[in-house]
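Have a look at the model first.

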Amino acid sequence: GIEPEFHEINGDIVDIDVPDNYLLYVGALSSTKNVDGAINAIRTVNKMSDTTYKLVLVGPEANSTHAAALNAEAGDNIIKYGYVSSRRELSGLYAHATAFVFPSYYESFGLPPLEAMACGTPVIASDRTAIPEIVGDAAVLVDPDDAEAIAQGIMSVIEDRELRQSLINAGREQAHKYT
């Protein structure tokens, strides 16, 4: 379940270096997590938006083959933050992100979207496997095979303040179901 630190975040970030406008991904950098879909989506978002967003990737690299491909794909708008061991630091990263992006192809459960929700961050997630059941109506669900759909989901959260606030409220409620 969700650790109390994620529900109790007060918005303070200590000892981390992140840009003002960023989208967050937390998880292994493996092909099953569809990090490439998130990277392609951020490129599209930055073409559609007046604001330039960075994609902050938090987590360990899963294998050297995918890591090499990711390094080749990563541009100026991708920040590989690495593994975070402190819950306070991780909850701060969640809380200050514009949105949390989780376009995974396969999850048996999917804890990161719930952690983001507990921190009051809107979630854009895959419409596959266990994720829709876990996030309920508290996230924008997208086809992970379609980077344009992922980008449109992100843009809806950025541009629609009512949707954004609705997702924040519903997300906190949804996260409280998993303790």
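Q: In this predicted model, how is the crossing of helix 2 and helix 7 described, left-handed or right-handed?
A: Helix 2 passes helix 7 in a right-handed crossing.

Q: What makes helix 2 oblique to helix 7?
A: The axes of helix 2 (residues 35-48) and helix 7 (residues 147-159) come within 8 Å and cross at roughly 55°. Angles under 35 degrees count as roughly parallel and those of 65 to 115 as roughly perpendicular, so helix 2 is called oblique to helix 7.

Q: Which residues of helix 2 and helix 7 meet?
A: From helix 2 come Gly37, Asn40, Ala41, Thr44, Val45 and Met48. Their partners in helix 7 are Ala147, Glu148, Ile150, Ala151, Gln152, Ile154, Met155 and Ile158. Sorted by class, this contact has nine nonpolar, four polar and one charged residues.

Q: How many aromatic pairs does a search of the whole structure find?
A: The search finds five aromatic pairs.

Q: Why is the pair of Phe100 and Phe102 called stacked?
A: The ring centres of Phe100 and Phe102 are 5.7 Å apart, and the planes lie at 20°. Pairing needs centres within 6.5 Å and stacking needs planes under 30 degrees apart, so this pair is stacked.

Q: How do you know whether Phe100 and Phe102 are buried or exposed?
A: Buried means under 20% relative accessible area. Phe100 has 0%, so Phe100 is buried; Phe102 has 1%, so Phe102 counts as buried too.

Q: Which residues do ring pairs link into a cluster?
A: The cluster holds Phe6, Tyr25, Tyr94, Phe100 and Phe102.

How values were computed
Residues numbered from 1 in each chain as written. Predicted model: local features only at pLDDT ≥ 70, side-chain atom pairs only at ≥ 80, totals over all residues. Heavy atoms only, no water. Axes fitted to C-alpha atoms, helices over the stretch in contact; angles between N-to-C directions. Helix = DSSP H or I, 4+ residues; strand = E, 2+ residues; numbered from the N terminus. Parallel < 35°, antiparallel > 145°, perpendicular 65-115°, else oblique. Left-handed = near helix turned anticlockwise from the far one by under 90°. Contact = heavy atoms within 4.5 Å. Nonpolar A, V, L, I, M, F, W, Y, C, P; charged D, E, K, R; others polar. Phe/Tyr/Trp six-rings, centres within 6.5 Å; stacked < 30°, edge-to-face > 60°. Buried < 20%, exposed > 50% of the residue type's maximum accessible area, 1.4 Å probe, protein only.
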